[in-house]
Amino acid sequence: MEYQPSMIESWWLSLFEGRNHAIVLAAITFVSHQLFYYGRYVPFWIAEHIPAMDKYKIQDNKPVTSAQRWKCLKGVLIQNHFIQLPMILAFHPGTQMLGMKVTDPFPSLMQIVIQVFWFFLFEDFYHYWAHRLFHWSFFYKYIHKVHHEFSAPFGLAAEYAHPLETILLAMGTFGGPLIWISCTGDLHVITVLIWMASRLLQAVDSHSGYDFPWSMRHWCPIWSGSDHHDYHHQFFVNNYASSFRFWDHLFGTDLKYKKFRAKQALAKAKAAKKEL
């Protein structure tokens, strides 16, 4: 029996009819990147203008200024168009040559979950070691220092970095899908788009500067979250992984962070006792 695409699949297929697949994919990827990256920042941007939200700000003595936002926005837009867009244009033809599906039936939910989880694991491992490398004197001074310009990070600053850092860290984002398709020959571009959207949401959240009671790290203990990464920006040490906490725990690169947060918790407990 001939396969009958669903309404969403039919719409998806229509995007490619009579068009160059590589260009269409690049356009879809780039537009979705902009929507998820800047769209995810909007709630945090709103929070930055609401004084009642200051109690959730991790470094509440360092408000985000308009000058910081504009400088960061200009830097990120340059990265988007002159660094990331060319990488996107090169990525899709390469993965299609390896067998990535574009117009076949969409993958199942289970396939998407398994593959995206693998991509998160690979990227986190790669990011941990690449990030530690960037903190060696030469690499930090000439490359990574750009990203650390904001010691109190905010969501928009997630992709504010030296061009070389953007390229090298992107290898962790693109590497997972490339390894998967090379080893299995089974990958759909829909999964890649979902993965990239998920990674963007994670990156903006970890740089947000806010730790809300509903933040993921409160109900998923291995998730890094903004509390984990904010410390790294504040003190320039520890917490090198991007999404999870276990690499830093395993290699002891979160000891100063744990000690600092324990002191904070003790100070809050003492202050609460005095109020009683």
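A pocket here is an open set of points on a 1 Å grid over the protein atoms alone, with protein on both sides within 12 Å along at least five of seven lines; a 1.4 Å probe fits at each point, and lining residues have an atom within 4 Å of a point. A volume is the space filled by probe spheres set on the points, which are joined across faces, edges and corners.

This is a predicted model: local features need pLDDT of at least 70, side-chain atom pairs count only at pLDDT 80 or more, and totals for chains, interfaces and linings use all residues. Numbering runs from 1 along each chain as its sequence is written, and side-chain values use heavy atoms, leaving out hydrogens and water.

**Stop 1: the largest pocket**

Select Gln84, Glu159, Thr173, Arg199 and Leu200. Of the 33 lining residues, these lie nearest the centre of the largest pocket. Its volume is about 640 Å³. Now show the helices, which are DSSP runs of H or I with at least four residues, numbered from the N terminus (strands are E runs of at least two). At least two lining residues come from each of α2 (21-47), α3 (66-97), α4 (109-134), α6 (163-184) and α7. Colour the lining by residue class. There are 14 nonpolar, 15 polar and four charged residues. Nonpolar covers Ala, Val, Leu, Ile, Met, Phe, Trp, Tyr, Cys and Pro; charged covers Asp, Glu, Lys and Arg; the others, Gly among them, count as polar.

**Stop 2: helix α7**

Which helix gives the largest share of that lining? It is α7, with eight residues. Select residues 189-206. Of the 18 residues, 15 are buried, so α7 is largely enclosed by the rest of the structure. Buried means under 20% relative accessible area, exposed over 50%, and partly exposed in between, with a 1.4 Å probe and protein chains only.

**Stop 3: Pro107**

Go to the loop between α3 and α4, where Pro107 lies. Is Pro107 buried or exposed? At 16% relative accessibility, Pro107 counts as buried. Pro107 touches Ile112, His188, Ile190 and Thr191, leaving aside residues up to four places away in sequence. Contact means heavy atoms within 4.5 Å.

**Stop 4: the annotated domain**

Select residues 118-253. An unreviewed UniProt entry annotates this range as "domain: Fatty acid hydroxylase". UniProt positions are given in the numbering used here, feature names are shortened, and annotations may be inferred rather than shown by experiment. The range is 58% helix and 0% strand, with end C-alpha atoms 23 Å apart.

**Stop 5: the α8-α9 loop**

Phe236 lies in the loop between α8 (225-235) and α9 (246-250). Its phi is positive, about 65 degrees, although Phe236 is not a glycine. Phe236 is partly exposed, at 33% relative accessible area. Asn239 lies in the loop between α8 and α9 too. Phi of Asn239 is near 55 degrees, again positive in a residue other than glycine. Asn239 counts as buried, at 0% relative accessibility.

**Stop 6: the second largest pocket**

Finish with Lys57, Ile58, Arg261, Gln264 and Lys268. Of 18 lining residues, these lie nearest the centre of the second largest pocket. The space in this pocket is about 490 Å³. α8 and α10 (255-275) each supply at least two lining residues. The largest share, six residues, comes from α10. The lining divides into five nonpolar, four polar and nine charged residues.
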